[in-house]
Amino acid sequence: MAKDLPNLVIPNELKPKDARFGSGPSKIRVTQLAALVAANPGYLGTSHRQKTVRDVVKNLREGLTNLFQLPDGYEVIIGNGGTTAFWDAAIFGLIKENAQFLSFGEFTNKFATAAKNAPFLKNIDIIKAEPGDAPEFVPNEIFDAYATAHNETSTAVMQRVKRPNAKGLHLVDATSAAGGALVDPKEFDVYYFAPQKSFGSDGGFFTALLSPDAIARIEEIKETDRWQPPFLDLSIALENSRLQQTYNTPALATIHMFENQVAWFNEQGGLA
Ligand SMILES: *Cc1c(COP(=O)(O)O)cnc(C)c1O
């Protein structure tokens, strides 16, 4: 220990009773887990195309529409792979050629770097800030997308979700913010997250709230000759989500706990 530092001792009563990484995987409520156990006959161990599962997916998608007060024309899409997989899907299916990224910590940097390395994208502009600070977009008409995070978990920097003053899509990583922070859906085109944080579920599953412009972009890119791996193809995710299912087999326990948490939030007045 450096000799100038006082010998600080944190009193026991100030220490958390259950110390965990605050913005990471969160506690799972006892009733949330009990609901999963109660649903077991007919739910766990069945195909994800069964009605029992589709009903939960439908409730989940409607619950999220309600929680985020999505305007008409917005849609909730789901798929496997978590936020990190969604970054790759967004690179394939949401960015046309040129995009600007705010990079102010580990997560925002990972997405920006992945886009920078995509051989079919042209100009990927990355604006960085020192840890603890956040940069701002510098709009330019060449950009067809702008990417940032609502909460950059690695530095605890939270930004208000506000569109850049430009016409590109606004893509917002909300993995550690969604469900825990207010957001106006008119300020984003894509608000994406995974359920292991505020939603007290498990990971490996992505959710994205899409504006009509984002849906139009997915359809527009699909019409081009860009090759997209089917697993990361957002037009396929959109098509399956509308049928209350995922492209391939999801973790059913994750979906159930996620739906239960969204319903619990809504019962208590939603985000507000
Ligand atoms: C946790 C986190 C991620 C990573 O999520 P995965 O589901 O593990 O891919 C991405 N972005 C932010 C802001 C996060 O907090």
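Biologist: Where is Q244 found?
Modeller: Q244 is in the loop between α6 (234-242) and α7 (252-267). Please keep in mind that this is a predicted model.

Biologist: Is Q244 buried or exposed?
Modeller: Q244 has a relative accessibility of 16%. Buried means under 20%, so Q244 counts as buried.

Biologist: And what is the phi of Q244 near?
Modeller: Its phi is near 60°, which is a positive value in a residue other than glycine. Most residues other than glycine have a negative phi.

Biologist: Buried or exposed, in the case of Q69?
Modeller: Q69 counts as exposed, because its relative accessibility is 57% and the cut-off for exposed is over 50%.

Biologist: Let us turn to the ligand. How many residues surround the ligand, and which are the closest?
Modeller: The ligand is surrounded by 13 residues, and the closest are T84, T153, D173, Q196 and K197.

Biologist: What classes of residue does the shell around the ligand have?
Modeller: Eight residues of the shell are polar, three are nonpolar and two are charged.

Biologist: Which helix gives the most to that shell?
Modeller: Helix α3, covering residues 82-93, gives the most, with four residues.

Biologist: Which atoms of the ligand lie by T153 and D173, and at what distances?
Modeller: For T153, an N or O atom in the side chain is 2.3 Å from an oxygen atom of the ligand. For D173, a polar side-chain atom lies 2.6 Å from a nitrogen atom of the ligand.

Biologist: What about T83?
Modeller: In T83 the atom concerned is a backbone N or O, and this atom lies 3.2 Å from an oxygen atom of the ligand.

Biologist: How much of the ligand does the protein bury?
Modeller: The ligand exposes 380 Å² when taken alone, and the protein buries 86% of that.

Biologist: In which pocket does the ligand sit?
Modeller: The ligand sits in the second largest pocket.

Biologist: Back to helix α3 for a moment. Is G82, which has its place there, buried or exposed?
Modeller: G82 is in helix α3, and G82 is buried, with a relative accessible area of 5%.

Biologist: How far apart are G82 and S154?
Modeller: G82 and S154 are 72 residues apart along the chain, and their C-alpha atoms are separated by 17 Å.

Biologist: A new topic: where does Q32 lie?
Modeller: Q32 lies in helix α1, residues 30-39. Its relative accessible area is 0%, so Q32 is buried.

Biologist: What does the side chain of Q32 reach?
Modeller: The side chain of Q32 reaches two backbone atoms: the nitrogen of R29 at 3.0 Å, and the oxygen of G200 at 3.0 Å.

Biologist: Lastly, where is A112 found, and is A112 buried or exposed?
Modeller: A112 is found in helix α4, residues 106-116. A112 is buried, with a relative accessible area of 0%.

Biologist: And how far apart in space are A112 and G179?
Modeller: From C-alpha to C-alpha, A112 and G179 are 24 Å apart in space, and they are 67 residues apart in sequence.

Definitions and conventions
Residues are numbered from 1 along each chain as its sequence is written. This is a predicted model: local features need pLDDT of at least 70, side-chain atom pairs count only at pLDDT 80 or more; totals for chains, interfaces and linings use all residues. Side-chain values use heavy atoms; hydrogens and water are left out. A residue is near a molecule or strand if one of its heavy atoms lies within 4 Å of it. A polar contact is a pair of N or O atoms within 3.5 Å; within protein, one must be able to donate a hydrogen and the other to accept it, and residues adjacent in sequence count only if both atoms are side-chain atoms. Accessible areas come from the Shrake-Rupley method with a 1.4 Å probe; for residues, only the protein chains shown count as cover. On a 1 Å grid over the protein atoms alone, a cavity is a set of points where a 1.4 Å probe fits but cannot get out, and a pocket is an open set with protein on both sides within 12 Å along at least five of seven lines; lining residues have an atom within 4 Å of a point. A molecule sits in a cavity or pocket if more than half of its atoms lie within 2 Å of its grid points. Helices (H or I, at least four residues) and strands (E, at least two) are DSSP runs, numbered from the N terminus. Ala, Val, Leu, Ile, Met, Phe, Trp, Tyr, Cys and Pro count as nonpolar, Asp, Glu, Lys and Arg as charged, and the others, Gly among them, as polar. Buried means under 20% relative accessible area, exposed over 50%, partly exposed in between (1.4 Å probe, protein chains only).
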